[in-house]
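Good morning, colleagues. Please turn to the sequence and the structure on the screen, and I shall then take you through the points I have selected.

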Amino acid sequence: MRILVIDDEKDIQRLFEQRFRKERQSGELEFRFVFSAADALSYLELGTDVALILSDINMPEMNGLELLKIIREQYPEQKVCMMTAYSDDTFRQQATMYGAHDYLTKPIDFEHLREKILN
Amino acid sequence: MHQDCKKLVIFDSEKTSFQHIKHFPKFVSMIKKAAIILFLGFSLLQAQTADMQELMSALEISAENTQKVDILISLSGKLLDSDIKKAADYAEDGLKLAKKLKYTIGEAKASIMLGKVRLKQNQLAKAANNFEAALSWAEKNAEAPVLLDFYFHLAQVYQRQNKKEQTEIIRQKYNNLQLKIQQNQVNQSNQEKIDLLQDQFSKQKDSASLARLEVIKAQSATDSAWNIISQQEAILNKQRLELVTLENETYRIEQEKLQTELLLRKEQQELTLQQQRFYWVLAGSAFLLILGLSGWFFYQSRQARKMAQREHLEAERLRLLTAGIAHEIKNPLNFVNNFAEGSTELSAEAEEILDTNEQDLTPEQFALLKELVTELKQNSVDIKKNGLRVNEIVRSMSDYASGRKSKGQPTALNDLVEEQINRAYKSYRAQHSGFDLKIEKKYDSSLTPVEIVTQDVGRVLLNIINNAYDAMLQKQQANKENYTPTLTITTNSQNGEAIIRIRDNGTGIPQEVRDKIFTPFFTTKPTGTGNTGLGLAISYDIIVKDHHGKLKVESEPGEFTEFIIILPKKQVNH
């Protein structure tokens, strides 16, 4: 199962790789990381099959919600989960409205995330 | 307008009154003429009605009454010169009837008449008897001319009887009476009336009236008719004068009345004016008062609006600031917490590998590595723990600043309480596996839904219940034997308010602490437990400020703490 993670903070890659070390080693999960919305769209254009997209909201240039809108138009079936440090209800509501499947707040509860991905 | 009308009426009445005075002499002479004609006419009529035939027929139809007596006397008088016998019969009949009827005047008149008849018949003794019978009545009651005539006849009787003394007495009486009549006529009554007329007439310089006056003057002594006319005129004049006086008096009274009325009206007007002035002043004052009050209210509401705007602006600024800070903290915190947790996992793995490879290492090497790995593991655990603390603080902070903007909705309080108890219990049991407690629930099933911001009140309940758990756990950990932590939840409705009581038998709250528990950032809990001291401050804001309710606390240190949430059933305005 391939997961695309989008965040402008590059440390996110090391964090995910470390926290999902076992799942990666077993081949259960495969992670791809991009650090901007534009890169995410380029990646998706390659046509690589992605089971889930995990995207940050607050990013320079195009933000997560704008990206979500485009993905929803171009890839209606694509599952997207937003993850953000904003606990504000407005972002959660907006995200749900643009068609996000889930909404996670940072600090990310990896136990919770793991459960969600695997089930 | 009204006043003008009144003036007009006054002038009108004045004019009428003057008219009366001006035309008075003319009017009097007219009346005088009419009176003369009337008098002569009346005399003529009297003569006509005294006609024999009429009297005879009147006698025939007349019953035995005083009128018949009068008729008989009159008939006797009429026949005195023509038929003395009949005259005697009538007079005798009249006297008899008068006596029978006890008609004193009639008796006297009849006696006089009969006396005259006897005199004519020369029956002098009888005549004297008749006359003497009527003497006292005639002298007392008879009119002067009648008495004079009576004396005249009586004197004749006495003279013929040769009663010189009595004759002389009666003659004297006759002369006196005649003199008296003349004096009366000339000096008193007539002169008085004439003077009055003269005065009136001379004033008007009415020559006709003056001539008439001369005639009256000349004739007054001898002509009784004129005297009577004068008397009539005088009476009429007097009446006229009286009338004029009366009119003048009436006019005067009317004027006085009008004056009084005018005065009264003026007073009333003044009073009305005063009243009006008073009302104006009152109205003015009321207007000013209203103006002032509305101005004050307007100012107040503007101030309130300004204040509310300012408060709203400040709240919004605070919310944005905290949201920004929270976001900026949470991002790095995400790494801190998760890398720490990763480190914990990694060090645990490293420890595992170390343990399995213990035999390849010297005991010293193994001990050292074991110690380092354990320390690293512990460090990362501590980092994670403190990271969670930071996270909790940031969450509370943004919750406090977010302003709880949600709208109220009808909520079944019993269900909400039940939900929060279970939630708190589950999470508490997860953290403190050894902790067990008894929960007593006393729900008022008749409690109708209350309009509240469910999420917020839920948070308050959760916060208070968690505090209760903490207090009971603390008491249990202090090795209290035979202690059963008991949480008692009661709901009920009273005076349009919903009341929720959350009671624990934990450590209780000392008085000095009780006053500060709703103050932001005040906490008694040890640092490192993720407590921010905002829980009850937020709870207080939610219940009191947002829901206009009450949040009270009752406690006995070492015994119990009871939080009482009172919510009005209808409210919520954000």
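This is a predicted model: local features need pLDDT of at least 70, side-chain atom pairs count only at pLDDT 80 or more; totals for chains, interfaces and linings use all residues.

**Helix packing, the chain contact and the sheet**

In chain B, helices α14(B) and α16(B) cross in the left-handed sense. Helix α14 covers residues 454-477 of chain B and helix α16 covers residues 535-546 of chain B; their axes lie 9 Å apart, at an angle of about 140 degrees.

From α14(B) come B:Asp456, B:Val457, B:Val460, B:Asn463 and B:Ile464, and from α16(B) come B:Gly535, B:Leu536, B:Ser539, B:Ile542, B:Ile543 and B:Asp546. Sorted by class, the contact of α14(B) with α16(B) has 6 nonpolar, 3 polar and 2 charged residues.

B:Gly535 belongs to helix α16 of chain B. Is B:Gly535 buried or exposed? B:Gly535 counts as buried, because it has 23 C-beta neighbours inside 10 Å, and 20 or more are required for that class. In sequence, 71 residues separate B:Gly535 from B:Ile464, while in space their C-alpha atoms are 8.3 Å apart.

Helix α6 (residues 104-120) and helix α7 (residues 124-141) of chain B have axes that come within 8 Å and cross at roughly 150 degrees. The crossing of α6(B) and α7(B) is left-handed. On the side of α6(B), the contact includes B:Ile112, B:Leu114 and B:Arg118, and on the side of α7(B) it includes B:Phe131, B:Asn130 and B:Trp137. The contact of α6(B) with α7(B) divides by class into 10 nonpolar, 4 polar and 2 charged residues.

Next, the contact between the chains. Chain B contributes 16 residues and chain A contributes 14 residues. Which elements of chain B give two or more residues to the side that touches chain A? They are α11 (224-356) and α12 (363-401) of chain B. The largest share of that side, 13 residues, is supplied by α11(B). By class, the side of chain B that touches chain A has 5 nonpolar, 8 polar and 3 charged residues.

Finally, I come to chain A itself. Chain A contains 6 helices and 5 strands, and along the sequence they follow the pattern β-α-α-β-α-β-α-β-α-β-α. Chain A has 119 residues, of which 31% count as buried. Of the contacts in chain A between residues at least 6 apart in sequence, 61% join residues at least 24 apart.

The strands of chain A bring us to the sheet. An open sheet of 5 strands in chain A has the order β2-β1-β3-β4-β5, with parallel pairing. Why is one side of β2 and of β5 left without a neighbour in the sheet? β2 (30-34) and β5 (102-105) of chain A are at the edges and each has a single partner strand, so one side of each has no neighbour in the sheet. On average, with direction ignored, neighbouring strands of this sheet are turned by 20 degrees against each other. Opposite A:Cys81 stands A:Asp102 in β5(A).

Thank you for your attention.

How values were computed:
Residues are numbered from 1 along each chain as its sequence is written. Chains are lettered from A and ligands numbered from 1 in the order in which they are written. Two strands pair if DSSP finds at least two bridges between them. Helices (H or I, at least four residues) and strands (E, at least two) are DSSP runs, numbered from the N terminus. Axes are lines fitted to C-alpha atoms, for helices over the stretch in contact, and angles run from 0 to 180 degrees between N-to-C directions. A crossing is left-handed if the near helix is turned anticlockwise from the far one by less than a right angle, and right-handed if clockwise. Two residues are in contact if their C-beta atoms, placed from the backbone, lie within 7 Å. Ala, Val, Leu, Ile, Met, Phe, Trp, Tyr, Cys and Pro count as nonpolar, Asp, Glu, Lys and Arg as charged, and the others, Gly among them, as polar. A residue is buried if 20 or more other C-beta atoms lie within 10 Å of its own, exposed if 12 or fewer, and partly exposed in between; C-beta atoms are placed from the backbone.
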